[in-house]
Amino acid sequence: MADEQVHPAPAETGEAAPKPAPRVQTITLAALIDSLEQGLRDFRAAPAFGLFFGGIYAVGGMLIVLAAAALDMGYISYPLAVGFALIGPFVAVGLYEVSRRRETGEPLQWKPVLGVVVAQRKRETGWMAFVTLFVLVMWMYQVRILIALFIGLRAPTSLEGFVQVIVGTPEGLMFLAVGHVIGAFMALVLFSLTVVSFPLLLDREVDFVTAMITSVRAVVQNPVPMIGWAFIIMVLLMIAMAPFFLGLFVALPILGHTTWHLYRKLVAPEASP
């Protein structure tokens, strides 16, 4: 009888055993409220960092809308501003790092915090940035399609004229309704893909596909608190963008810090080797 072939264990061959997938935990609305309180504390403890990263987001939104107006494309200012909100998780990476450092007791210094943000371009976070930008492009593409379908050649070039058309004509109201339904769906998809993946990629060495799968699992496993969090994000961002994006100086830091603490509650700590 031939001897059975024995396969050596990974430790014997020198190969590293594959890491287990991040484990998603079940949370309650109370955990969401607690995360909000922790996010507020982080912002109060390090307001300079929050205002800095929130300012980058706010100024970026202002420049995009001003550029649209300068190019006589003011009619896309509103959908462009809404779409710009979709890339918030990528901008908030610096805020996640601030919360992580406060959590571990590491010093809050500008050079290491900004260094972590810059280093993300060489990690899997860069792929997640591509995902968010792709959704932004698709959002603007479908806006142009809806304008062509419902408004057609009557689409004005100014923001004032565009507002008059969409609120003063049946076609414009239909465009508004359909556009918001499609936008809400795209925002929910992107929220599910990114709400956990960005802080997870900052915290651990995982690939961006695993991060997105973990994020979707977290939303599916915790539908009530996560949809509640998505609603809070939507309301705060809409209010913050109303005064020409100025509210984002405060809203983004609070949302970013809170997302980090929510991630900590959603994903179990990494097991020690």
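Trainee: How many helices and how many strands does the protein have?

Mentor: The protein has 14 helices and zero strands, where helices (H or I, at least four residues) and strands (E, at least two) are DSSP runs numbered from the N terminus. This is a predicted model, in which local features need pLDDT of at least 70 and side-chain atom pairs count only at pLDDT 80 or more, while totals for chains, interfaces and linings use all residues. Residues are numbered from 1 along each chain as its sequence is written, and side-chain values use heavy atoms, with hydrogens and water left out.

Trainee: Why is α14 called mostly covered?

Mentor: Buried means under 20% relative accessible area (exposed is over 50%, partly exposed in between, with a 1.4 Å probe and protein chains only), and 16 of the 19 residues of α14 are buried, so the helix counts as mostly covered.

Trainee: What makes a set of residues the largest nonpolar core here?

Mentor: A nonpolar core is a set of buried Ala, Val, Leu, Ile, Met, Phe, Trp, Tyr and Cys residues joined through side-chain atoms within 4.5 Å, and the largest such set has 64 residues, with F175 and W229 among those having the most contacts inside it. Helix α8, residues 125-150, supplies the largest share of this core, nine residues.

Trainee: Which residues does F175 touch?

Mentor: Taking contact as heavy atoms within 4.5 Å, and not counting residues up to four places away in sequence, F175 touches V143, L146, I147, F150, I151, F162 and I166.
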